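Good morning, and thank you for coming. Please keep the sequence and the model in view while I speak.

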Amino acid sequence: MDILYKILIDPFVQMGAAPDLLVQTVWEGLVSGVLYALIALGFVLIFKASGVFNFAQGIMVVFAGLTLVGLHEMGLPAPIALLVTLGVMFFIAVAVERVVLRPLVNQPDIILFMATFGITYLLIGFGELIFGGNPKRMITEELYLPSGAIEWKAFGGFVQFQKIDVAAAVIAALMIAVLAFFFQKTRIGRALRAVADSHKAALSVGISLNQIWVIVWFTAGIVALVTGIMWGARSDVSFALQVIALKALPVLILGGFTSVPGAIVGGLIIGIGEKIGEFYWGPLVGGGIESWLAYFIALGFLLFRPQGLFGEKIIERI
Amino acid sequence: MSAVQHAETAAASAADLILSVNNIEVIYDHVILVLKGVSLEVPRGGIVAILGANGAGKTTTLKAISNLLRAERGEVTKGSIAFEGERVDRMSPSDLVRRGCIQVMEGRHCFGHLTIEENLLTGAFTRKDGNAAIKRDLEMIYDYFPRLRQRKGSMAGYTSGGEQQMCAIGRAMMSKPRMILLDEPSMGLAPQVVEEIYEIVRSLNEKEGVSFLLAEQNTNIALRYATYGYILETGRVVMDGEAKALRENEDVKEFYLGVAGGDRKNFKDVKSYKRRKRWLA
């Protein structure tokens, strides 16, 4: 009985006793959730348009961050370094389309998947060659991102918001809004959705897949850059960051591989779930559940709802 | 003769032909020979039908023209295809759509998760003449297909087969084509709906001046709307002629129109059409 009490009742008693701590935990979870969501978003974009599970998304985040910081270290002013980095991401998109996707079109998915492994190691190699392997500090102030913290007195205590986290949440929300508008209302966005729906039909109406692939990889590159800046600002820019790509997997399983809203909601659920689980239930097993809880949730989803929360509505005519 | 003059005479001789397919051979996956020398012509403003049973090569012929073949690892290995006098057999599908030749694939292939209106708008992807012109053409499509106007906000995946076929044709029309390659428009549709769709095809042909090359198993209806027909069997044209003549031909009647009976099932069983057997074409 005692263990049941500790699992089912005690955590909620604690939450009620110190609401400020609960809010703080939820906020921490929300912020990492936003970043998971951004990485998952990069995956979803590419998966929808080219049917490729892009293993390189994680390293693209690191590479974008490194390029930005590296260029700044070489003496470029931050805003210019940002523009040049965007250019580099565009170049990567074009190169990937030319060298990888175009020759491998119509090959089985697993071959394209393996090719993204190749891209991953290529980017790691180039990154280390050009910018060195040491962790770098993100150029937060130079990019006019705020630092410091806001304290909010409430719930008989106080909750602390890091300004950079607030900025990350706002920028992520803005970017998602812009992407949603782009997908729903523009000619290219419509074509992207058409390609995601049926490659063959898109070809038949004269949509050029090659062009769409470049656009999608570039968009994923921009998302990676934003993620890299935000994540880098919280820790450092280092190659260790690329493992967060693996954190995106449970997010994708939860949200569905083909759903942009799914990536966002999935990211938030995983982010918040992890922090709450760690804080309130973690002590029961000696802590450290943050690192595997996400995969545990994903496993449950695979068993009971394999298309994810927002997986593509499977339209079948009756 | 100078190059310019040469081009001019070529253009003049091709003026009445919008499409000419010259003895093409198609191989899938480097080994499977599907078309063994197919030639056909479509006059400007005509409706031409390719007829034949399953596996005769109708769809492959259309895909060879629209160049969707390459996405299925097929390749035109011999012969040539000219659209409005220009060689197009090495062109990408999107280049061809831009030049005014578009395919409506067998089985409709609408974008199921896009609305009917969005589907129609994707057809205008290659156009550069501005939103006003596209809006105007959208209205025109809705006038031809009043049913699509009613369903314009619904997801295409939820509409009926007939509506999807109309959507696919309307989507193709949005690219302002001069020629539509229409694959099996009657597939899986009720006879009244098939009739409705062919009526619209005819009026698009008459009022908008679009030429049609259609592949059809429903020989009966195809020969009523087409002006000329080609009959394909195992990758070869075994017979061609004016639609009227084909309709009245005894063999066509027996094999494809279900009139009279006998043991003969196709042209292979007919002595007069017996072909030379070749190991390598």
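This is a predicted model: local features need pLDDT of at least 70, side-chain atom pairs count only at pLDDT 80 or more; totals for chains, interfaces and linings use all residues.

Residues are numbered from 1 along each chain as its sequence is written, and chains are lettered from A and ligands numbered from 1 in the order in which they are written.

The model has an ipTM of 0.82 and a pTM of 0.82.

Let us consider how the chains meet. Two residues are in contact if their C-beta atoms, placed from the backbone, lie within 7 Å. By that rule, 17 residues of chain A are in contact with 28 residues of chain B. On the chain A side, the elements that give two or more residues are α8 (187-197) and α9 (199-204). Helices here are DSSP runs of H or I with at least four residues, strands are runs of E with at least two, and both are numbered from the N terminus. Which element gives the most to this side of chain A? It is α8(A), with six residues.

Helix α8(A) also has buried residues, namely A:R190, A:A191, A:L192, A:A194, A:V195, A:A196 and A:D197. Buried means that 20 or more other C-beta atoms lie within 10 Å of the residue's own, exposed means 12 or fewer, and partly exposed lies in between, with C-beta atoms placed from the backbone. The cover over these residues includes α3, α7 (163-185), α9 and α10 of chain A, together with α4 (116-122) of chain B.

We come now to the core. A nonpolar core is a set of buried Ala, Val, Leu, Ile, Met, Phe, Trp, Tyr and Cys residues joined through C-beta atoms within 7 Å. The largest one has 164 residues, and A:V195 and A:V216 are among those with the most contacts inside it. Helix α10 (residues 209-234) of chain A supplies the largest share, 17 residues. Leaving out residues up to four places away in sequence, A:V216 touches A:L45, A:I46, A:A49, A:S50 and A:L192.

A second example is A:A64, in helix α4 (residues 57-73) of chain A. Is A:A64 buried or exposed? A:A64 is buried, because 28 other C-beta atoms lie within 10 Å. Beyond its neighbours within four places in sequence, A:A64 is in contact with residues including A:T85, A:M89 and A:G221.

Finally, the two loop residues. Most residues other than glycine have a negative phi. B:K176, however, has a positive phi near 55 degrees. B:K176 is found in the loop between α7 (161-173) and β7 (179-183) of chain B, and is buried, with 20 other C-beta atoms within 10 Å. B:T234 likewise has a positive phi, of about 35 degrees. This residue lies in the loop between β9 (228-233) and β10 (236-242) of chain B. With 17 other C-beta atoms within 10 Å, B:T234 is partly exposed.
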